[in-house]
Every structure is written in structure tokens, then in C-alpha cells.
Amino acid sequence: PVVHHVLANALAGQGKFAEAIESCRKLVGANPQSAELHFNLAVVASQAGRLEEAIASYERTIALAPRLADAHYNLGTALQALGRFDAAAASYRRAVELEPGYFEAHGNLGAVLQLQGKLADAVESYRRALAIHPDARGHFNLGTALSNQGRLGEAIASYRKALAIDPNHADAATSLGEALFHQGQPETAIASYRQALAIAPEHPEANYNLGIFLYDAGELEQAIPYFERSQLRDWRERVLYCLYKTERFEDFRTRLRPLLEKPHTSPFLATLSTHHAANFGVEDEYEFCRNPLDFVCHARIDALVAAGSTLRADLLRDIEHAEIAERKQGRLYHGIQSSGNLFHRPEASFKVLAIEVRKVIEAYRAHFASHECMFIRAFPQQIEFSSSWYVKMRTGGHLTSHIHETGWLSGSLYLAMPRRESGRDDGSIEFSTHGDDYPQRHADFPKKTIAPAVGDIVLFPSSLFHRTIPFDASEERVCIAFDVKPG
């Protein structure tokens, strides 16, 4: 047994996991009641990436030694890696019941809760881990959860604590820059991005975020190399955008061509392809949603205006008084936008509203189910809100034309609307296949305008340009916008 044990460790150390597992199995076969041997087999199986085998061995370990906290913790990590978040959380909770000072288990529990959108519980777990062992990773994780809650000031403080402990924490420097940028501190944000790139020049997120900053600032040529280095998320679409907006049309077409051979599932690419086709009078070969105006839907959420319902009042109260940081939005004039994800917040009003919005989205999917475009064929099966935020505008308020690059289906619902004179579109939402100052060879792009009332909801493909028409009335315009995309 001693030889097999040493051999298994040596083989695992050399990366020869199949042979190491075989040695561990021989040991388990000779002594099947040994919790330690089952644990060792589980560890080696986990190292080999054979997570189902590892889980079975950890469960056998726990059956033989139910108070072994490490077995519960390791089981949690394997379950988490497979996306079984409820079971992973239960394992981490059992580990900290057995060992209250197990800070790694507290931290991993926070990570799982955050993945489930349970941000308040995640923050609590991260804080417990940090109270036991304040480390850079713990402060970084806490910062991400606080940022998702829209608590940017606290998130910034957490990222700075992470960097104070580990000045080479490139992820913390990048996330600090992002939080500062959303807080309206662009110069400080740039310094953080550059700090991250000084630590790790190829850091994907730092390169991507610096590209976004230059992109938003209109420095499109300068943004391209940062997107190319990032190789992250929609970097190809961002490069195409930069080429199209700077009228490098041949380069645009060259870069677009290979993307047409892949599944047509990018709303951002659909925007570019549709505009290019209409602009130059050629066929639109991208089949995400060739006629997006046909998929604009104007509906109503009865719970917002029904007699006896307090939902609308509750939402307006929570928007006014809840601790939600504002986010800098360069396209928004005479208004403010919230940070974080409203539908992941703890207030009951946002949770109830999310349920009502899901009902409308399900009806939308059923209504368009017979359409053959990719937008409907690959429509998200689980309605999860990748982002949600409020926008409050005062007199003169408007949003310039834009799309939601990272969405699939987008929407906005209306809690307060300014007075509108008959025959005018003040405060309305306008849709078009042209916008964002794209280069125009003609003005023959279709438009559609909707004048929403309080309680209304408007759904549309994320690829569609939309803007808010300015208004002069004194009443506030308050809406909640959101994106849904496939997991």
C-alpha cells in the first residue's frame, strides 16, 4: 500500500493521471473502508478532469467520514465546475458548519451565490471569508459582487484593498478601471487599465476595456489594436464597427466575409451587416434578423397600473431611495442611469417586476414562434436578465441612437412619462435600421416610432437602433431597460 500511495503521487505529479488513478483504485480495492484512500482517489480524478468520478469518490469519502470538511469543500469545487450550483453551495455550507474558520469555503460559497444572482448573500459570504483571512482574491471577489449590485463606491474600495495586498493583481486593476469609468472618472480609469497592462500586457479584459474607452471617445483607429489583442467577447464586431465608421469599407468587407460562414447569432454583427447592405444596395447575407422593425412589440404590464396595485409606486420609491450608484452614460442627456443589475437586487419590487416581464417575454416568443430567422430559432430558452437598469430624464432629456451590443432581446418599460401634446412625439422611442452616425450613402432607412404610456413595455431585437426623442415638459420620464441573451 505504501508503494502504491507513493507511486500514485509521483504519477500525478508527472501528469500521468490515468496511471495514478489506477494505483489509487488498487489501494481502494484493498481497503474499501478507508475514507482517506477514497479521498486521494477523488483528488487525482479531479486533477485529471474526470469530475464525475471525483464526485463519486468524494461522496464515498463523506459516507465513511461525514465530518471531513475538506471532502465537503472539494466536492463543492467539483460540483461548481460542472455548474451544479445548488449542490455546490450545500457542500460549501456543510464545510463551514464543520469548520467555521474555513475561509476558502466561505469565499467559494460567495462565488456560487454570485453566479446564481444572489448578490446580497454572496457579499455576506465574501465578508465572512475576509474577516477570517483578508487576501487580495477575497477583496477582488467582493468588489465584483458590489459592482453588480450597483454599489460602485464600495466596489472601488474593495478593488483598491486587493491591490494594496497584491499590487500585481491585474484583474483587480482592470475591474477598478471599469468601476471608475462607470462612476464618471475616465482619466483615473485609464490609469488603472494601463496599470493592468503594465502587469500583464496581453490581459484580455484590460485590453478590451481600454479599447472600449477609445471606441466611446471616437478614437476608432486607436481602439482596433486593443480589441485585436483582447480576443474577447465581441472583439471582431468592435473591429468591424471601427472600420465601418471610419469608412474603410473594403477592409470591413474583407473582415466580414469569414464571419458569414459561422452561425449568425451576433446582434451587433447583424446591425452592421444590415446597415451595410441597405447603404450599398446589396443583399444582406447575415440571417440573424433581416427585418428587425417587424419584431418590435408594444404591450402592457397590467400590474403596473391595475387598481389596488402598489407595484409602480414601490418601484419609484426604491429607484429614489435604494442605495444604487449612478453610471456615466455618454449617450444620455439631462438624465441619470443606474449601475448594476436591478433585477438581481434584493428589493421586492424589482423581483416582482422581473416575474411580470418574464411573462411578457414568453408571450412575445410564442407570438413570433413561426418565424424562421435566427433571432427566433435561437431565442433564449431560459429568460435570464443579463442586464437591467433604470433611466430617469428631466426636461430636455434624451438618449441618442444606439443598439444594445451585448443583448439578444432588449426592452424598456415605463413608470413615468412627461406630458405630450397631441400630434407630437416628445419622449417617444424611435427605431430604425440607421443610427449612431453610421456613414450614409442615402436617407432611405425605415423608421418606427412608439409613444408609450405609463405601464407600457416595448420589446425589440437588440440589433435595432433606437433613441429617445427629446421632450420639453417638466415631468420626469422614468423607465427600466433590460437585455436578455442566451446563456
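**Reading cavities, pockets and helix pairs**

Tutor: Helix 17 (residues 267-280) is the element that gives the most to the lining of the largest cavity, namely four residues. The model is predicted, with local features needing pLDDT of at least 70 and side-chain atom pairs pLDDT 80 or more, while totals for chains, interfaces and linings use all residues. Residues are numbered from 1 along each chain as its sequence is written, and side-chain values use heavy atoms, without hydrogens and water.

Student: How many cavities of 30 Å³ or more does a search of the whole structure find?

Tutor: Rolling a probe the size of a water molecule over the atoms shows where empty space is left. On a 1 Å grid over the protein atoms alone, a cavity is a set of points where a 1.4 Å probe fits but cannot get out; a pocket is an open set with protein on both sides within 12 Å along at least five of seven lines; lining residues have an atom within 4 Å of a point. In this structure, the search finds one cavity of 30 Å³ or more. The largest cavity holds about 60 Å³ of space, a volume being the space filled by probe spheres set on grid points joined across faces, edges and corners.

Student: Which residues line the largest cavity?

Tutor: Its lining consists of Ala270, Thr271, Thr274, His275, Cys289, Pro292, Ser432, Thr433, Ser463, Leu464 and Phe465. By class, that lining has five nonpolar, six polar and no charged residues. Nonpolar means Ala, Val, Leu, Ile, Met, Phe, Trp, Tyr, Cys and Pro; charged means Asp, Glu, Lys and Arg; the others, Gly among them, are polar.

Student: What volume does the second largest pocket have?

Tutor: The second largest pocket has about 280 Å³. It is lined by 17 residues, of which Gly117, Phe343, His344, Arg345 and Lys351 are the closest to its centre. Helix 8 (119-132) and helix 19 (348-367) are the elements that give two or more residues to this lining, and helix 19 gives the most, with four. The lining of this pocket divides into seven nonpolar, four polar and six charged residues.

Student: At what angle do helix 9 and helix 10 pack?

Tutor: Helices (H or I, at least four residues) and strands (E, at least two) are DSSP runs numbered from the N terminus. Axes are lines fitted to C-alpha atoms, for helices over the stretch in contact, and angles run from 0 to 180 degrees between N-to-C directions. Under 35 degrees is roughly parallel, over 145 roughly antiparallel, 65 to 115 roughly perpendicular and the rest oblique. Helix 9 (residues 136-148) and helix 10 (residues 152-165) pack at about 165 degrees, their axes 8 Å apart. Helix 9 and helix 10 are therefore roughly antiparallel.

Student: Which residues of helix 9 and helix 10 make the contact?

Tutor: Contact means heavy atoms within 4.5 Å. A crossing is left-handed if the near helix is turned anticlockwise from the far one by less than a right angle, and right-handed if clockwise. Helix 9 and helix 10 cross in the left-handed sense. Among the contact residues are Phe140, Leu142 and Leu146 of helix 9, and Leu152, Tyr159 and Ile165 of helix 10. The contact of helix 9 with helix 10 has nine nonpolar, five polar and two charged residues.

Student: How do helix 10 and helix 11 cross?

Tutor: The axes of helix 10 and helix 11 (residues 170-182) come within 9 Å and cross at roughly 155 degrees. That is why helix 10 is roughly antiparallel to helix 11. Their crossing is left-handed. The contact includes Leu152, Ile156 and Leu163 of helix 10, and Leu176 and Leu180 of helix 11. In the contact of helix 10 with helix 11, 10 residues are nonpolar, two polar and one charged.

Student: Where is Gln231 found?

Tutor: Gln231 is in the loop between helix 14 (220-230) and helix 15. Gln231 is not a glycine, yet its phi is positive, about 50 degrees. Arg233 also lies in the loop between helix 14 and helix 15, and its phi is near 45 degrees, a positive value in a residue other than glycine.
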